Amino acid sequence: MTMNFCTIGRWVSRVSHQPARQQFQRTMANTGEGTSGASSDTQNRLASEKSPYLLQHASNPVHWYPWGDEAFSAARQENKLIFLSVGYSTCHWCHVMERESFENPEIAKIMNANFINIKVDREERPDVDKMYMTFVTSLSGSGGWPMSVWLTPDLKPVYGGTYFPPTNRYYGQPGFPQLLDSIASQWQENETKFKESGVKIMEVLDRTSRLPAPGAATMPGKEAVAKCFAQLSSSYEPNYGGFSESPKFPQPSNFNFLFTYHALHPDWDDAKRGLEMALHTLSKMDRGGIHDHISRGFARYSTDERWHVPHFEKMLYDQAQLTVSYLDAFVVTGKTRYADVVRDILMYVMRDLSDPSGGFYSAEDADSLPTADANKKREGAFCVWTHEEVTQLLPGAAKEGHEATLASVFCHHYSVARDGNVNPYQDPHDELKNQNVLIEHDTIEETAREFGLSQEECKAALDKARQMLYMARQERPRPHLDNKMLTSWNGMMLGALARAGAVLGDQMYIQRALQAAEFVMSHLLKDDKLLRAAYAVPNNEVSLGSCIEGFADDYAWIIRGFINLYEATLDTEWLKLAEKLQDKQNDLFWDSEGNGYYMTQSGDESILLRIKEDQDGAEPSANSVSVGNLIRLNNLLGRSDYHTQAEAIFCLFSERLNKIPIALPEMATALLIHQKPPVQIILAGKNGNDSLKMMMQVIHTEAVPNRVILLADDDQESFMYTRHSSLSRYRPKTSDETLAYVCRDFKCMLPVNCPEHLRDILKNPKEACGLKKQGK
């Protein structure tokens, strides 16, 4: 592929080696206003959009277009290259490039004169982002945001990268205006070659992005699972946890695999080691600076190996996935600290990322003004503290009559230093100089011992101090809130809430999940098809913007969320909806010739490349989530066609699963579950009575990832009876009793009516309290 990209690189390089100032002056002398767009002192076309990211750029002097026919027509009519800039509203380096280049009138003149400039919110249009990110990573070996790509008028990429500085930098990276001038000049001189190169590039991308044809692969086996563990183990960093040195990302899909691996093979040594890896990492993250100890929730990632200095943006998808990870940690250990972290995350989401309509917002920014009268934002300004601030805000003793001050106990426990606790190497722009990012180095027990306090007294003092600092933080200028409500992320969050309510026995979380599900049904489902996003607008209203239709990941995550809601409530209406949406996803995205799900529907001529994602990144891919859904729905509904589809997906990705399964840990988790026969748990009783609730609490607090929960409520007309006629055999003896049957390998244990007996069966299936099996 590199061979096809070299020509454009040489053209750009030849011109960009001229002195930057000379190039900039020559370009400015020869450019006038472009024929498209509004004048630079008015808002551009983005002003009518709903995306918070696009609205951030509505006042730029750049004549931005949104992605669409108007921009494409202008490029063809004026015979100009398109400059495509892709980012999202809480992206730190997107803000940097905007301040340096897109707000610069002189650079804007170059852009307006020579290009049709398009802005895309990657969260709104993941299809556009993925298509051109495939090109950028092929060209440069890496990707990221902001993504900057130059396209021919027929949308074929010819050059690209990520962030470009406004002036020349080290390592030969050209300044952005110099690069603009170089590309514009070469387009004028070599238009035909540009177009030819664009055609060849798309041919290469199309060829290399294809997965093996059906019949070319077989089902991956246990070797793929073993290799996934081996690759995770070899990448594991044992001191502070995580699966890289630095920067460190949470990577919840890795935790999902390790917890499932241990739950299904608890006696295996490598599964035990995997459990230790997951728990150690989650504990270090909890105590680290990536965890906001004052406002709650988790930041996107840590810039260092100790989980100390985060990139301060908070994303909804991280909160949702980490809720599940900490729930898994709580279920397997019973340690309340992990449950406390779950409540911590959900408090943040329900307080700061919740819309009155029931939906969830996307993210909070990393950058904010340090003071109300400041004119420049800083990363982390909302979250960090000086030693002086902490001592002033926390006056008095740690407890009445005690010599230790509240401030001294807090500073010790959270490593607050007089000159700040941030390594200068983690602060390249000096934004965190003399500041402290809170991190726990000592345990409550160790801090209590240091100051002669009981653990209860120490905990009470720290709780009081955190609340005082929280109130002080509310007086600071808040970071930007991206109030876009994405369907996929809302599915993630409602599914996490449903599971949290079931595991923790807290109906508040289930009710919030139900509210979010109703939001999806009311606002994001139109003509039986999901939309991509809704937007918060004034007066607590919700707008659908341009009604972008949903992508495969929107369906995958809503389906998973609805299955989780069914498991938490045993309300089969959510299971019916999950099945209906699964069938719709199959209609819209399934490749009937090559198997697997495309991320996009067919029919959009602006999408030159329909892609099947083959990597689980910060968000697991649609195919990985969907294959898990298909397995669960088959077991719940008896849909053998779903089982066939699941195996087709495994076969499609078999090469990746067999060679580098660490790239698809979420799919490897589904493969693990697929390789084990399901454990059917049939509850014969009335939904809502106390005995059934107690049985459900046991089920949700035991690690049985291949379980299938069925309710035999003696209603012969109910949905589940139409799918499982055998349920008619299971009846309780009395109206207030619930009997639990656990079935493995098509044989069921004798029923139990005691929750602790059910726990014994689930925890120790081999012993199962000496209970005999009976034929099903």
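**Note on the predicted model**

1. The side chain of Asn-423 reaches the backbone nitrogen of Tyr-425 at 2.8 Å. That is a polar contact, meaning a pair of N or O atoms within 3.5 Å; within protein, one must be able to donate a hydrogen and the other to accept it, and residues adjacent in sequence count only if both atoms are side-chain atoms. Asn-423 sits in the loop between α16 and α17. Helices (H or I, at least four residues) and strands (E, at least two) are DSSP runs, numbered from the N terminus. Asn-423 is partly exposed, at 37% relative accessibility. Buried means under 20% relative accessible area, exposed over 50%, and partly exposed in between (1.4 Å probe, protein chains only).

2. A word on the source: this is a predicted model, where local features need pLDDT of at least 70, side-chain atom pairs count only at pLDDT 80 or more, and totals for chains, interfaces and linings use all residues. Residues are numbered from 1 along each chain as its sequence is written, and side-chain values use heavy atoms, with hydrogens and water left out.

3. Glu-440 is in the loop between α16 (406-413) and α17 (444-451). Glu-440 is buried, with a relative accessible area of 8%. Which side chains make polar contacts with the side chain of Glu-440? Arg-337 does, at 2.9 Å. His-413 does too, at 2.6 Å. Leaving out residues up to four places away in sequence, Glu-440 also touches others, including Asp-286, Arg-287 and His-293. Contact here means heavy atoms within 4.5 Å.

4. Now the cavities. On a 1 Å grid over the protein atoms alone, a cavity is a set of points where a 1.4 Å probe fits but cannot get out; lining residues have an atom within 4 Å of a point. Grid points are joined across faces, edges and corners, and a volume is the space filled by probe spheres set on the points. The count is 3 cavities of 30 Å³ or more.

5. The largest cavity holds about 940 Å³ of space. Its lining has 43 residues, and Val-324, Asp-328, Arg-499, Arg-632 and Pro-705 lie nearest the centre. Which element gives the largest share of this lining? Helix α19 does, with 8 residues. By class, the lining has 21 nonpolar, 14 polar and 8 charged residues. Ala, Val, Leu, Ile, Met, Phe, Trp, Tyr, Cys and Pro count as nonpolar, Asp, Glu, Lys and Arg as charged, and the others, Gly among them, as polar.

6. The second largest cavity holds about 140 Å³. It is lined by 17 residues. Among them are Gly-289, His-291 and Cys-383.

7. The largest nonpolar core has 180 residues. Such a core is a set of buried Ala, Val, Leu, Ile, Met, Phe, Trp, Tyr and Cys residues joined through side-chain atoms within 4.5 Å. Trp-150, Phe-176, Phe-257, Tyr-326 and Leu-683 have the most contacts inside the core. Another core, of 29 residues, lies apart from it; Ala-75 and Ile-611 are among its members.

8. Check the backbone too. The peptide bond between Trp-145 and Pro-146 is cis, with omega about 5°. Ser-246 to Pro-247 is also cis, with omega near -5°. Leu-570 is not a glycine, yet has a positive phi of about 60°. Leu-570 is buried, at 5% relative accessible area.

Key: 1 Å grid on protein atoms, 1.4 Å probe; cavity = no way out; pocket = protein on both sides within 12 Å on 5 of 7 lines; lining within 4 Å.
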